[in-house]
Each structure stands twice: as C-alpha cells, then as structure tokens.
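Colleague: Could you show me how to read the aromatic contacts here?

Modeller: Gladly, let us look together.

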Amino acid sequence: MIEVRFHGRGGQGAVIASNILAEAAFIEGKEVSAFPFFGVERRGAPVTAYTRIADTKIRIKSGIYEPDFVVVLDPSLLDAVNIVEGLKSGGLVLLNTKVSPEKLRINLKLSPDHKLATVKATDIAIKHKLGSKAAPIVNSALLGAFAKATGVVGLESLIEAVKNNVPIKVEENALAAKEAYDSVVIH
Amino acid sequence: MKMVMTGNYASAYGAKVCRAEVISAYPITPQTSIVEKIATLVSSGEMKAQFVKVESEHSAMAALISASMAGARTYTATSSHGLLLMHELLIWSAGARTPIVMSNVCRANGPPWSVWVDHHDSIAQRDTGWMQVFCEGNQEVLDSIIMGYKLSEREDIRLPTMINEDAFILSHTVEPVDVPDMELVDSFLPPYNPRFRLDVDEPYGFGSLVMPDMYMEFRYKLNEAMEAARQGWRDVEKDFEKHFGRNHGGLVEFYQCEGADAVLIMAGSIASTAKDVVDKLRSQGKKVGLARIRVFRPFPVEEIRKLAGMTNILAMCDHSYTFGHWGPMAQEVRGALYGTKDMPMLKNYIVGLGGKDMTPEVIEKLFLKTLELKSGLDSEIEWIGVKGHGEW
C-alpha cells in the first residue's frame with residue numbers, strides 16, 4: 001500500500017488533489033481511499049489531505065502517520081508545519097518551490113535517504129490563469145509533477161481524473177499538469 | 001456504475017436511486033455535503049423530488065412525517081445536535097409508522113464542541129422506535145439505504161430506518177462505490193403504496209388521542225413490528241444479494257470468530273480497520289476474531305447468543321457511553337447473553353470518543369490485552385487512550 005500526504009492552505013485544492021490522485025489510480029484498476037484531515041477548514045489555514053493506493057481492498061480507516069510521499073502545495077508552509085514528520089525512510093518530498101535543493105535539504109532537516117523533488121507550480125498555475133496571481137490554484141500542476149517523480153500513476157489517467165474533477169478551466173488544468181510533469185526536477 | 005465518492009455522496013446517490021420523492025433537511029457539519037449534493041441533483045432535474053427547505057431539523061422531520069403519511073417516499077440526513085433536536089419527532093414518526101429513511105453522520109455531542117466521530121448521537125435515539133444500521137464503508141452506506149426502504153415500507157413493519165455513517169471517516173473519505181442502475185433498484189424496490197394515507201377525498205384520523213384502554217395496544221403493535229424486523233433484515237439482505245450480487249454480513253458480521261480465544265465486538269468504521277488486525281494476529285497464530293454489529297435496532301439477540309458459543313472471551317468496544325453504567329452496546333450484549341450456556345468472559349472498552357483515532361496499533365493492543373484476561377466477569381470498564389490513564 002502506498003500512502004501520500006498533501007500539505008496546503010485552505011482554498012488551494014489540497015483536498016481535491018488527494019481525491020484526484022485516488023481517482024487516477026482507480027482508473028488504473030487500483031483500490032483507493034482519500035480523505036482530508038478532519039478539521040474545521042478555513043481559507044488560508046494549513047490543511048492536510050491523504051491518499052491511499054493498493055492492489056487489494058483497503059480496509060484501514062485510521063489516519064496516515066508514516067507516509068511514503070509528501071506533497072507540499074504552498075512554499076510558506078515550510079516554516080509553519082513539520083512537513084517531513086513521519087516520512088518513511090526512502091520516502092520522497094515534492095515541493096512547490098524555487099529554492100535550491102541544497103538549502104531545502106538543510107531547512108527541512110531531510111535525512112540522506114529521503115528523496116527530494118521540486119516544481120515551480122506557482123509559476124505554472126499563474127501562466128495557465130488558474131486562480132488569481134495572489135492565490136493561484138496549484139493542485140493540478142503538483143499532481144502532474146507527482147506522477148513523473150513517483151511513477152505511482154500515469155500521466156494519461158491523471159489528466160483524465162483532473163478533467164473529471166475540476167469544476168472550471170478543464171483544459172488549462174490539464175495543460176498545467178502536463179507542463180509540471182515535464183518540468184519537475186528530482187534531486 | 002463504479003465511481004470514487006465520499007460516504008456523503010453515497011448517501012445522496014442512495015436517495016436518488018431509490019427515487020425518494022420528498023427531501024427535507026437542514027445542513028450541519030459533517031452532513032452538509034449530502035444535502036448540497038441532493039439539492040444539486042434536484043435543481044438539475046437529475047432527481048425528480050421535492051426539496052422542502054426548513055429552518056431546523058425538527059421541522060425537517062415534521063415535513064417528512066406529513067409527506068410520508070401522504071404516501072411519498074421520503075429522505076433526510078442529519079448529524080449530532082441536529083439529530084438530538086429531532087428527538088421528539090423521531091418518536092412521533094415511529095409511532096405514526098412512517099417509513100422514513102434518514103442518514104445520520106455519527107458525530108460527537110457537545111460540549112466540549114466536536115465535529116468528529118462517535119456514536120453517542122445515534123445511540124441516544126435507541127428508544128425512539130427507529131431501526132438503526134451502522135456502516136463500515138461507503139458501499140454499505142448506499143446499499144443500506146436501498147435495504148432500509150425495502151424493509152421500512154413492508155406493510156407488517158412500517159418503521160423508519162436510520163443509516164449511520166461515521167463522521168469524516170466515511171462522510172468525507174472517497175472510496176470506490178458501485179452506484180446501481182435505477183432500473184435494477186426498481187426491480188428490487190417497488191414504489192411506496194400505503195393502504196392508508198392522508199387524502200382529502202378520503203379522510204382518516206392519524207395520531208389522535210386514544211384513551212388508556214387502547215394506547216398500550218398501539219405500542220404493542222409497534223414492538224411487534226420491531227421484533228419482526230429482525231428476520232426482516234435477514235430476508236431483505238438475502239433478497240438484496242440476489243439482485244445486486246453483494247451482502248454486508250447480516251445483522252452481525254462474524255469475521256474469524258469460529259474457535260476464537262477472544263472476539264472484539266465493534267460497530268461502524270473501526271470494525272473495518274480491525275479486520276486487518278485480525279488477519280495479522282491470526283497469521284501469528286493468535287486466535288482472535290471480530291463481530292461487527294451492523295443492525296443495532298432491532299437488537300440481534302440470536303446472533304449475539306450464537307457468538308457466545310464461538311469464543312472464550314467477548315470484549316465490547318463501545319464507540320459511545322452511558323454515564324453511570326456500562327457502555328450501551330455492552331449492556332445489550334450482556335442482556336442478550338444472560339442465561340446462555342457457555343457464557344464467555346465479558347469485557348467492556350470505551351473507545352474513540354470525539355474522533356480519537358482507532359489505529360491498527362491501538363486495536364492490536366486491545367486484542368492482546370483481551371487475550372490476557374483470565375477468569376470470570378470482568379465488570380471494570382476501561383476507557384482506552386485517555387490521557388493519564390495508561391499508555392496507549
């Protein structure tokens with residue numbers, strides 16, 4: 001079973017991202033579940049959401065404390081939340097950031113066996129006019145980057161799931177996913 | 001069609017495929033997305049129903065009682081304090097023998113304020129005359145609505161049904177759910193057609209005053225229906241399986257109970273997690289099992305007695321409590337077992353209140369702790385995971 005944790009801020013689409021990832025894996029024939037941290041959500045507040053993907057029926061209903069992958073939608077969260085908490089040995093962190101990987105490794109106190117991937121999802125979202133410049137919606141871009149960096153889902157099923165789930169700007173979201181897929185850097 | 005959806009959407013689609021005709025509900029966290037989804041389905045014309053907007057849960061239930069008495073199939077959804085506010089009308093709707101089906105998203109009661117799961121809201125409605133089902137997954141949420149109408153509307157039953165889904169753990173978690181074709185549901189569930197109904201052309205009196213010589217007779221009839229519903233649920237689920245090719249385990253789902261040294265009894269979504277733990281412990285040679293109470297009202301007395309012959313220790317994990325006595329489900333289990341041969345040792349844990357996470361690790365510890373029990377009736381209740389009261 002693969003377990004993924006998303007960190008975002010209320011309104012950025014972290015919860016939808018966890019659902020889209022689940023649906024993409026479901027399209028590929030996997031068993032899935034996805035859920036938000038069961039909080040009282042407000043726009044701008046830190047939000048976490050989770051996805052489980054497995055080959056057999058998923059019966060576990062409790063929280064995820066030791067994820068295989070962590071996806072961070074908002075660079076400002078790095079100062080607010082311990083985003084690598086519980087990350088499995090050999091696990092990967094995918095960040096929306098422009099900061100250099102050397103700096104990130106130190107700031108996040110990543111251990112040598114944690115992998116790091118970065119993507120400029122904010123720029124990609126603004127380019128495709130997703131959300132506003134002040135509050136871009138970066139989830140589709142990060143999912144594209146996630147597909148490439150982890151190989152957990154294919155780009156095609158991911159884009160199908162994106163198209164099924166975003167309420168507006170369907171093509172723009174698909175293009176953002178594709179662009180992030182092509183531009184994510186694995187360090 | 002199989003789709004990935006939350007328990008709340010599974011509830012909304014359940015009402016849709018059953019062709020519920022009158023919906024009335026008031027939003028409350030974490031039930032809100034059920035009402036939103038149904039409102040969307042009704043306004044887009046995908047669902048042909050009347051959506052009655054109201055100012056409270058009390059009024060929602062009042063609206064449904066009237067609609068049901070006029071012969072409509074009715075649906076509502078609520079949670080926690082919304083359900084508590086309905087209490088008076090829950091008793092009325094059962095007494096009026098209206099086959100309303102309602103989803104309750106099980107949420108802790110305040111204060112202290114909480115939006116997370118426990119079963120105190122629904123358990124507090126135990127004596128209203130409603131049938132109650134607890135679900136462990138989103139497919140079961142949808143399927144139980146279909147089964148609920150089927151049994152509720154049966155002429156010898158005519159009782160309302162509450163389908164309980166755990167807050168967030170089911171309500172906001174997406175899982176694959178098969179939404180059956182409406183034609184298939186139609187073949188299982190015919191339109192509701194009561195013999196007596198509110199009709200201006202053919203007036204009857206409903207719910208009016210009876211003198212002491214007749215009141216008890218009405219209550220006797222209601223209880224008779226509830227008793228008959230025990231076999232009713234077994235029959236409906238068999239019939240359901242014939243039509244839809246799946247079942248959810250009857251009134252009590254037995255998982256690896258045969259020949260067990262210890263069985264935990266649970267209700268709701270924690271039972272799903274516990275099955276993984278049972279498999280793990282069984283693979284280590286530890287003889288443990290799980291019994292999941294699916295139908296809580298009518299209480300599955302025969303199934304619980306059968307369980308007594310299968311195991312040496314029974315531990316009831318109540319996801320709620322009654323202050324001043326055992327956990328409510330433990331009381332019922334003990335009552336059902338009184339006088340049976342091969343009485344197992346009994347234990348009661350209070351678990352997971354207000355959303356305290358029931359992880360596989362905690363459940364495994366519960367199993368191991370239970371296996372260590374030595375003799376007699378352990379009447380001590382243990383509250384599991386309370387700060388300052390043991391290491392969990």
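**Rings and their neighbours**

Modeller: Tyr321(B) counts as buried because its relative accessibility is 12%; buried means under 20% relative accessible area, exposed over 50%, and partly exposed in between, with a 1.4 Å probe and protein chains only. Trp383(B), at 40%, counts as partly exposed. This is a predicted model, where local features need pLDDT of at least 70, side-chain atom pairs count only at pLDDT 80 or more, and totals for chains, interfaces and linings use all residues. Residues are numbered from 1 along each chain as its sequence is written, chains are lettered from A and ligands numbered from 1 in the order written, and side-chain values use heavy atoms, leaving out hydrogens and water.

Colleague: How many aromatic pairs does the structure hold over all chains?

Modeller: Rings of Phe, Tyr and Trp (its six-membered ring) pair if their centres lie within 6.5 Å; planes under 30 degrees apart are stacked, over 60 edge-to-face, the rest tilted. Over all chains there are 11 such pairs. One of them joins Phe188(B) and Phe240(B), edge-to-face at 5.7 Å centre to centre with 90° between the planes. Both Phe188(B) and Phe240(B) are buried. Tyr321(B) and Trp383(B) make a tilted pair, with centres 6.0 Å apart and planes at 35°.

Colleague: Which ring has the charged end of Arg107(B) over it?

Modeller: A charge sits over a ring if NZ of Lys or CZ of Arg is within 6 Å of the ring centre and within 35 degrees of the ring normal. For Arg107(B), that ring belongs to Trp113(B), with its centre 4.9 Å away.
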